Amino acid sequence: MRDFAQAIREQRKEAGYSSARSFHKRLGGQGFFGCTYKAYLDIESGRSTPQPRLAGRIGQALRVSDHRQRGRQFIASYLRSLIGSEDLSGFLIQVLSEKNLAVGPEAMFQKASESSMSARASASTTLVGITL
């Protein structure tokens, strides 16, 4: 979570917003983000990881799709925070970058979320090396 929180803070400051409050408020607050300022602050502070839709809205607000490197950093840090496994998130990033270079951030977040849920479901059916 902290990796994504740090990426958001850095990119928010680069975008000219000096505080999380000004960023959230100036973009329309709960109406735009779909979450309260406190919920947004929890994300930016590393206390929680947003659902894909909210992560996509944050990415949209930071205009990460306008800058390939910033977009990749944003998505990579989100996947690492969401999945919690450096190996699995690295694999997903590699797969997504090979096949979906022209896909927008919302579709990439949806695909990443589906991949994450599939990986979690697969992991939950295995108990001590025995597939149930």
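This is a short tour of a predicted model, one selection at a time.

**Stop 1: colour by confidence.** Start with the whole chain. The mean pLDDT of the protein is 80, and 73% of its residues reach 70 or more. Now select residues 123-132, where the pLDDT is below 50. Beyond near neighbours in sequence, this stretch has 5 contacts in the model.

**Stop 2: the nonpolar core.** Which residues touch the most other members of the largest nonpolar core? Select Ile 8, Phe 33, Ile 58 and Phe 74: those are the ones, out of 24 residues in that core. H1 (2-14), H2 (20-26), H3 (30-33), H4 (37-44), H5, H6 and H7 (86-99) each supply at least two residues. The largest share, 6 residues, comes from H6.

**Stop 3: helix H5.** Select residues 52-61. This helix is mostly covered, with 7 of its 10 residues buried. Click through the buried ones: Pro 52, Leu 54, Ala 55, Gly 56, Ile 58, Gly 59 and Ala 61. Then step on to Arg 63, which follows H5 and has a positive phi, near 55°.

Stop 4: Arg 63 counts as exposed because its relative accessibility is 52%, while Asp 66, at 43%, is partly exposed.

**Stop 5: Arg 70.** Is Arg 70 buried or exposed? Its relative accessibility is 18%, so it counts as buried. Show what is around it: leaving aside neighbours within four places in sequence, Arg 70 is in contact with Gln 11, Glu 14, Leu 62, Arg 63 and Val 64.

Stop 6: Select Asp 3 and Arg 80. Here is another salt bridge, 2.7 Å from N to O. Asp 3 sits in helix H1 and Arg 80 in helix H6, so this pair ties together parts that are 77 residues apart in sequence. Both ends are partly exposed: Asp 3 at 33% relative accessibility, Arg 80 at 25%.

**Stop 7: Asp 42 and Arg 47.** Last selection! The closest N and O atoms of this salt bridge are 3.0 Å apart. Asp 42 is buried, with a relative accessible area of 17%, whereas Arg 47 is exposed at 52%. The count of salt bridges comes to 6.

Terms used: Residues numbered from 1 in each chain as written. Predicted model: local features only at pLDDT ≥ 70, side-chain atom pairs only at ≥ 80, totals over all residues. Heavy atoms only, no water. Buried < 20%, exposed > 50% of the residue type's maximum accessible area, 1.4 Å probe, protein only. Contact = heavy atoms within 4.5 Å. Helix = DSSP H or I, 4+ residues; strand = E, 2+ residues; numbered from the N terminus. pLDDT = per-residue confidence, 0-100. Core = buried A, V, L, I, M, F, W, Y, C linked by side-chain atoms within 4.5 Å. Salt bridge = Lys/Arg side-chain N within 4 Å of Asp/Glu carboxyl O.
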